[in-house]
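Good morning, and thank you for making time for this presentation.

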Amino acid sequence: MKKLLHGLDEYLEEVLLVILLACMAVIMGIQVFCRYVLSMSLSWSEELTRYLFIWAGFLSISYCTKRCISIKIEQFVALFPKRGKALFKVINHTVELVLFFYLLPFSWRYLYLAIATGQTSPALGIPMYLVQAAPLAGFLLAAVRILQRWVIEWKTVWRKE
């Protein structure tokens, strides 16, 4: 069980993103084949690819947060010693946490409205709440990853050297 939890913690975003991107590539490849070889077009392929792309975009927020891949002021941060860098990152992560905790209620309301209206997608007929759950999932997972990074950096700030 511990190995499973460690694997989820370590590779969840990567696995999901690879699956989503592979599905998008296969679906669009089938669409191109059908359009140019069979002279017919699939009515659902572009819609499904768009929805997968939306999910990939929101999950990538969490992935980038976990891996510390973001736009940073590297030259400025590099001027500080190790504890100074960690303190700067703690402040950065605190601001990010505030942002995501601010966005979470809005994404929840967005999802709730999609569930309440019962809207379905035009070509696939799937419930739109499956698509509109992406912001909530992405922001929630990003908040968890930021908390993890925040704890790591906070320990560095208080570590005796």
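Predicted model: local features only at pLDDT ≥ 70, side-chain atom pairs only at ≥ 80, totals over all residues.

The protein chain contains six helices and zero strands, and its pattern along the sequence reads α-α-α-α-α-α.

Let me turn to overall dimensions. Along the principal axes, the C-alpha atoms fill a box of roughly 70 × 40 × 40 Å. The radius of gyration of the protein chain is 20 Å, whereas a compact globule of 161 residues would be near 15 Å. Of the 161 residues, 30% are buried. The chain exposes about 10700 Å², and carbon and sulfur atoms supply 73% of that area. As for contacts with a separation of 6 or more, 76% of them join residues 24 or more positions apart.

Which residues make up the largest nonpolar core? There are ten: Leu97, Phe100, Leu104, Leu111, Ala133, Leu136, Phe139, Ala142, Ala143 and Ile146. Two elements, α4 (82–117) and α6 (134–158), each give two or more residues to this core. The largest share, five residues, comes from α6. Ala133, itself a member of this core, touches Trp55 and Leu111 once residues up to four places away in sequence are set aside. There is also a second, separate core of eight residues, with Leu17, Ile27, Leu52 and Ala56 among them.

I now come to a charged residue, Glu153, which is found in helix α6. Is Glu153 buried or exposed? Its relative accessible area is 7%, which is under the 20% cut-off, and therefore Glu153 counts as buried. Leaving aside neighbours within four places in sequence, Glu153 is in contact with Ala86, Lys89, Val90 and His93.

Finally, the surface. Val32, Phe33, Tyr36, Val37, Leu38 and Met40 form a nonpolar patch there, and together they have about 630 Å² of accessible area. One of these residues, Met40, lies in the loop between α1 (2–36) and α2 (45–66).

Thank you for your attention.

Technical notes
Residues numbered from 1 in each chain as written. Heavy atoms only, no water. Core = buried A, V, L, I, M, F, W, Y, C linked by side-chain atoms within 4.5 Å. Buried < 20%, exposed > 50% of the residue type's maximum accessible area, 1.4 Å probe, protein only. Helix = DSSP H or I, 4+ residues; strand = E, 2+ residues; numbered from the N terminus. Contact = heavy atoms within 4.5 Å. Patch = residues over 30% accessible without salt bridge, like charges linked within 9 Å, V, L, I, M, F, W, Y side chains within 5 Å. Areas by Shrake-Rupley, 256 points an atom, 1.4 Å probe, with all protein chains shown as cover. Salt bridge = Lys/Arg side-chain N within 4 Å of Asp/Glu carboxyl O. Rg over C-alpha atoms; globule rule 2.2 N^0.38 Å.
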